[in-house]
Amino acid sequence: MAVGAGGGAGRGGAGAAPGWRAVGARRCPAFARPLPRAAAMALRAGRRWARLGSALRGCSSGPRDAGDSPQHRHLREALRKIIDKEINPFVDKWEEEGQFPAHKVFKILGQAGFLGVDKPTEYGGMGLDFSYNIAVAEELGNIRCGGIPMAIGVQAGMATPALTRFGSHELKKQFLVPTIAGDFVACLGISEPGAGSDVANIKTTAVRKGDEYVINGGKMWITSGSQADWMCLLANTSEGPPHQNKSLICLPMNLPGIHVAKKIDKLGMRASDTAQIFFEDVRVPCKNLIGEEGKGFTYQMLQFQEERLWGVASALTQMETVIQETIEYTRQRKVFGQPVLHNQTVHFRLAELATEVELLRSLLHRAVALYVEGNDVTKFASMAKLKAGRLTREVTDSCLQFWGGMGFTSEVLVSRFYRDLRLMSIGGGSDETMLSIICKYMDILPRVTHLQSSLNIKKARA
């Protein structure tokens with residue numbers, strides 16, 4: 001769940017974008033000059049993963065598997081080996097340092113094909129459906145912190161869906177291919193100091209001058225912002241209504257006028273760097289526009305659905321881990337002559353939490369199955385995100401209590417997830433935003449009067 005992706009409909013009503021299938025990705029040259037050797041290596045890797053993707057597609061038993069077929073499990077097993085060897089042994093060190101080496105980790109994952117599971121083989125992806133991306137997200141929940149799965153989610157499923165779906169072929173070659181290969185680190189530039197879940201209220205501008213956009217403004221809570229090679233930037237490109245004046249732009253992060261002001265010191269997600277970034281007369285070619293000018297708000301609402309489903313999937317595994325480690329601890333920890341687990345209050349509560357996790361998994365898999373079939377899952381994705389945000393708080397708080405004094409230290413995983421998973425109710429659209437979207441789909445959200453709507457538009461322009 002990206003810190004820098006607030007994202008919701010607000011009362012303007014554009015959060016109800018139709019569902020769409022993800023497409024897209026392979027490896028490519030860098031920004032300025034071509035790198036034939038790197039491109040050739042990417043092509044070979046793309047063909048290799050295309051063959052694996054073809055094999056998985058050929059034996060899939062249908063979208064209703066939604067993440068639990070033998071083929072999904074095969075993908076997860078391969079990823080688990082990388083997690084156990086290349087990531088988990090170093091998590092504690094990266095947590096202390098406040099940053100993990102994104103380029104190194106993403107390169108390992110890219111070479112193994114895990115950054116483009118649902119992207120087209122033409123661009124180096126495996127060409128599988130979105131349910132395989134969710135299987136990857138669930139397995140990433142086995143990483144022993146929240147920050148790294150979140151950053152991988154930004155790379156694989158939050159900064160790239162709109163580019164994959166609506167970007168030009170040249171734009172995808174320049175940005176999507178190396179992102180899937182793990183050569184570039186991507187970030188998503190949506191939130192601002194005064195606009196988190198209220199995406200329509202962003203102030204950053206991209207003014208067209210000749211064949212360039214001149215960008216001014218700033219972004220806040222940007223996951224991987226201090227390491228990123230490019231940003232999927234949402235900016236105002238005209239003076240029109242707030243839901244029709246925004247565009248998404250691929251922004252190289254090495255351009256003059258881009259200032260990474262600071263790396264934000266956060267309560268949790270400490271292994272993932274989060275930056276505040278300012279833009280001062282940054283010039284970027286107009287050809288870096290994703291899709292049509294003025295469609296950025298709609299594109300971003302579409303991106304949010306994949307982001308929210310990804311975040312729920314990762315949180316499921318993290319909650320399962322917390323519950324299981326709490327069971328193991330309370331089974332061996334004795335109080336008043338008996339294991340803590342033998343207290344009915346404890347084992348009943350753990351049973352309740354495990355049941356809630358499984359119910360959330362069923363909702364997630366239903367939403368994913370519908371999404372793969374091409375349906376609008378905005379309501380179900382919002383419900384799953386809302387439930388995940390609240391349930392992660394329940395699970396971590398209840399389990400931490402059963403750890404007693406040890407739960408209040410930094411030496412156990414439950415305390416780390418207590419901090420990390422608190423973001424679930426804030427990032428990617430707050431709980432309150434999710435409730436507004438759900439109410440809209442239930443047709444119980446009070447209508448905004450014409451006068452109020454006009455005032456909101458004038459305020460957004462101010």
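Colleague: What ground rules apply here?

Modeller: Residues are numbered from 1 along each chain as its sequence is written, and side-chain values use heavy atoms, with hydrogens and water left out. As the model is predicted, local features need pLDDT of at least 70 and side-chain atom pairs count only at pLDDT 80 or more, while totals for chains, interfaces and linings use all residues.

Colleague: What is the mean pLDDT of the protein chain?

Modeller: The mean is 88, and 82% of the residues reach 70 or more; pLDDT is the predictor's confidence in each residue, from 0 to 100. Over residues 4-43 the pLDDT is below 50, though that stretch has 149 contacts in the model beyond near neighbours in sequence (contact means heavy atoms within 4.5 Å). Residues 59-65 are below 50 too, with 13 contacts counted that way.

Colleague: How many helices and strands are there in the protein chain?

Modeller: There are 14 helices and 10 strands.

Colleague: How do you know what span to expect for α11?

Modeller: The expected span is 1.5 Å times one less than the number of residues. Helix α11 (residues 378-403) has 26 residues, and its 37 Å from first C-alpha to last is close to the expected 38 Å. After α11 comes G404, with a positive phi near 65°.

Colleague: What makes the buried residues of α2 line one face of the helix?

Modeller: Buried means under 20% relative accessible area, exposed over 50%, and partly exposed in between, with a 1.4 Å probe and protein chains only. In α2 (residues 70-87), the buried ones are Q71, H72, L75, R76, L79, I82, I83 and I87. Seen down the axis of α2, they fall within an arc of 130°, so they line one face; the arc is that of the directions from the helix axis to the C-beta atoms. On the other side of α2, E77, K81 and K85 are exposed. In general, an α-helix has 3.6 residues a turn, so residues three or four places apart point the same way.

Colleague: Why is M269 called buried?

Modeller: The relative accessible area of M269 is 7%, and buried means under 20%, so M269 is buried. M269 lies in the loop between β6 (258-263) and β7 (274-285). Its phi is positive, about 50°, although M269 is not a glycine.

Colleague: Which residues of α9 meet α12?

Modeller: Q318, T321, V322 and E325 in α9 meet L413, V414 and F417 in α12.

How values were computed
Helix = DSSP H or I, 4+ residues; strand = E, 2+ residues; numbered from the N terminus.
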